[in-house]
Amino acid sequence: MKKIKKLASLLLALVMVLSMTVTAFAENPTITAPENSDRTYDVYQIFTGSLAGNILSDVRWETTVPARLES
């Protein structure tokens, strides 16, 4: 039973570490729509910041909201 708990905690820790690495690959996102698609997509900037190395600082939330998103 102790070995199973240790194995489960090790696997959970590994999953948590690997889940944090996924965002590291999102540096230069590209958005592509399927061919022959008649849908439209809107992209909104929700915050800005300064990236120096791997550190994001001076984060500011976007203050302008498109009129159709206001409630």
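Student: Does Trp61 count as buried or exposed?
Tutor: This is a predicted model: local features need pLDDT of at least 70, side-chain atom pairs count only at pLDDT 80 or more, and totals for chains, interfaces and linings use all residues. Residues are numbered from 1 along each chain as its sequence is written, and side-chain values use heavy atoms, leaving out hydrogens and water. Buried means under 20% relative accessible area, exposed over 50%, and partly exposed in between (1.4 Å probe, protein chains only). Trp61 has 64% relative accessibility, so Trp61 counts as exposed.

Student: What is the order of elements from the N terminus on?
Tutor: Helices (H or I, at least four residues) and strands (E, at least two) are DSSP runs, numbered from the N terminus. The protein has one helix and two strands. From the N terminus on, the order is α-β-β.

Student: In what sense do β1 and β2 pair?
Tutor: Strands pair if DSSP finds at least two bridges between them. Here there are five bridges, and the sense of pairing is antiparallel.

Student: Which residue in the hairpin of β1 and β2 takes a positive phi?
Tutor: Ala52 has Ile55 in β2 as its bridge partner. The hairpin has two residues between the strands. The positive phi, near 70 degrees, belongs to Gly53.

Student: What geometry does the pair of Phe47 and Trp61 have?
Tutor: A search of the whole structure finds one aromatic pair. Rings of Phe, Tyr and Trp (its six-membered ring) pair if their centres lie within 6.5 Å; planes under 30 degrees apart are stacked, over 60 edge-to-face, and the rest tilted. The centres of Phe47 and Trp61 are 5.8 Å apart and their planes stand at 75 degrees, so the pair is edge-to-face.

Student: How many residues apart in sequence are the parts that this pair ties together?
Tutor: Phe47 lies in strand β1. Trp61 lies in strand β2 (residues 55-61). The pair therefore ties together parts whose separation in sequence is 14 residues.

Student: What is the relative accessible area of Phe47?
Tutor: Phe47 is found in strand β1. Phe47 counts as partly exposed because its relative accessible area is 37%.

Student: Which element gives the largest share of the nonpolar patch?
Tutor: Patches take residues with over 30% relative accessible area and no salt bridge; like charges are joined within 9 Å, nonpolar side chains (Val, Leu, Ile, Met, Phe, Trp, Tyr) within 5 Å. Tyr44, Ile46, Phe47, Leu51, Leu56, Val59 and Trp61 form this one, with about 750 Å² of accessible area together (Shrake-Rupley method, 1.4 Å probe; for residues, only the protein chains shown count as cover). The elements giving two or more residues are β1 and β2. The largest share, three residues, comes from β2.

Student: Which residue forms a salt bridge with Asp58?
Tutor: A salt bridge is a side-chain nitrogen of Lys or Arg within 4 Å of a carboxyl oxygen of Asp or Glu. The structure holds one. Asp58 is partly exposed at 45% relative accessibility. The closest N and O atoms are 3.4 Å apart, and the partner of Asp58 is Arg60.

Student: How far apart are the C-alpha atoms of Ser50 and Arg60?
Tutor: Ser50 is found in strand β1 (residues 47-52). Leaving aside neighbours within four places in sequence, Ser50 is in contact (heavy atoms within 4.5 Å) with Ile55, Leu56, Ser57 and Asp58. Ser50 and Arg60 are ten residues apart along the chain, and their C-alpha separation is 9.6 Å.

Student: What percentage of the residues of the protein count as buried?
Tutor: The protein exposes about 7,500 Å², with carbon and sulfur atoms supplying 61% of it. Of its 71 residues, the share that counts as buried is 0%.
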